[in-house]
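Curious how the labels on a protein model get decided? Take a look at this one.

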Amino acid sequence: MQETKNNDINQAQDTCDNTELESSQDSALASGESMESTLDSSAPESNTAGDEPSMLDAAYKELEEKYMRAYADFENVKKRLEREKNQALEYAYEKIARDLLPVLDALDSAKEAAKEHEAIAQGIMLTQESFLKALQKHGIESISTDGEFDPNVHECIMQVNKPEAENGHIAQVMQRGYKYKERTLRPAMVAVVKND
């Protein structure tokens with residue numbers, strides 16, 4: 001009888017243990033499901049939070065590129081303006097030099113007209129030489145008309161037959177040309193040799 005009682009108690013304990021185990025498993029499953037649902041619900045937030053820094057990085061890179069482009073444009077404009085300013089300063093006397101060309105032409109004509117009066121011709125020649133020296137100090141020089149015709153600095157207004165000279169060489173100067181540093185103020189008007 002005692003054995004039957006012991007068996008009944010053991011069965012009751014086993015049943016109780018099984019019931020507790022099942023209920024603990026059920027509660028574990030339920031808490032697992034709630035944890036999964038919590039994780040699932042927080043997952044999109046973490047993805048959004050993950051996307052946010054990448055969007056910020058992209059926006060930062062775009063703004064940085066725009067800044068770099070704007071800075072490069074600014075530097076280019078600055079360099080161009082500096083070049084233009086230096087060039088303007090370098091060729092500041094160009095307009096005045098052009099205005100002085102008729103005076104030089106007048107001295108040439110006066111020298112030709114005063115050939116018969118040696119003293120007057122000498123005075124005009126000295127005046128012209130000192131005037132040209134003053135202009136040379138500022139980069140204004142007459143264009144050379146010796147040798148071959150150069151279309152960059154000479155202007156051919158006629159062709160002449162001159163057997164003693166080579167074709168394409170300058171035979172006669174009609175009007176002197178002048179240059180200011182590297183720029184031509186006025187090309188020299190010349191006659192060029194053309195032997196048939």
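This is a predicted model: local features need pLDDT of at least 70, side-chain atom pairs count only at pLDDT 80 or more; totals for chains, interfaces and linings use all residues.

Residues are numbered from 1 along each chain as its sequence is written, and side-chain values use heavy atoms, leaving out hydrogens and water.

Q: Why is Glu 94 called buried?
A: Its relative accessibility is 13%, and buried means under 20% relative accessible area (exposed is over 50%, partly exposed in between; 1.4 Å probe, protein chains only). So Glu 94 counts as buried.

Q: What makes the link between the side chains of Glu 94 and Arg 183 a polar contact?
A: The two side chains pair up at 2.8 Å. A polar contact is a pair of N or O atoms within 3.5 Å; within protein, one must be able to donate a hydrogen and the other to accept it, and residues adjacent in sequence count only if both atoms are side-chain atoms.

Q: Which residues is Glu 94 in contact with, leaving aside neighbours within four places in sequence?
A: Those are Tyr 180, Arg 183 and Leu 185, where contact means heavy atoms within 4.5 Å.

Q: Where does Glu 94 lie?
A: Glu 94 is in helix α2, residues 94-113. Helices (H or I, at least four residues) and strands (E, at least two) are DSSP runs, numbered from the N terminus. The protein has 3 helices and 6 strands, in the order α-α-α-β-β-β-β-β-β.

Q: How much of the protein is buried?
A: Buried residues account for 15% of its 196 residues.
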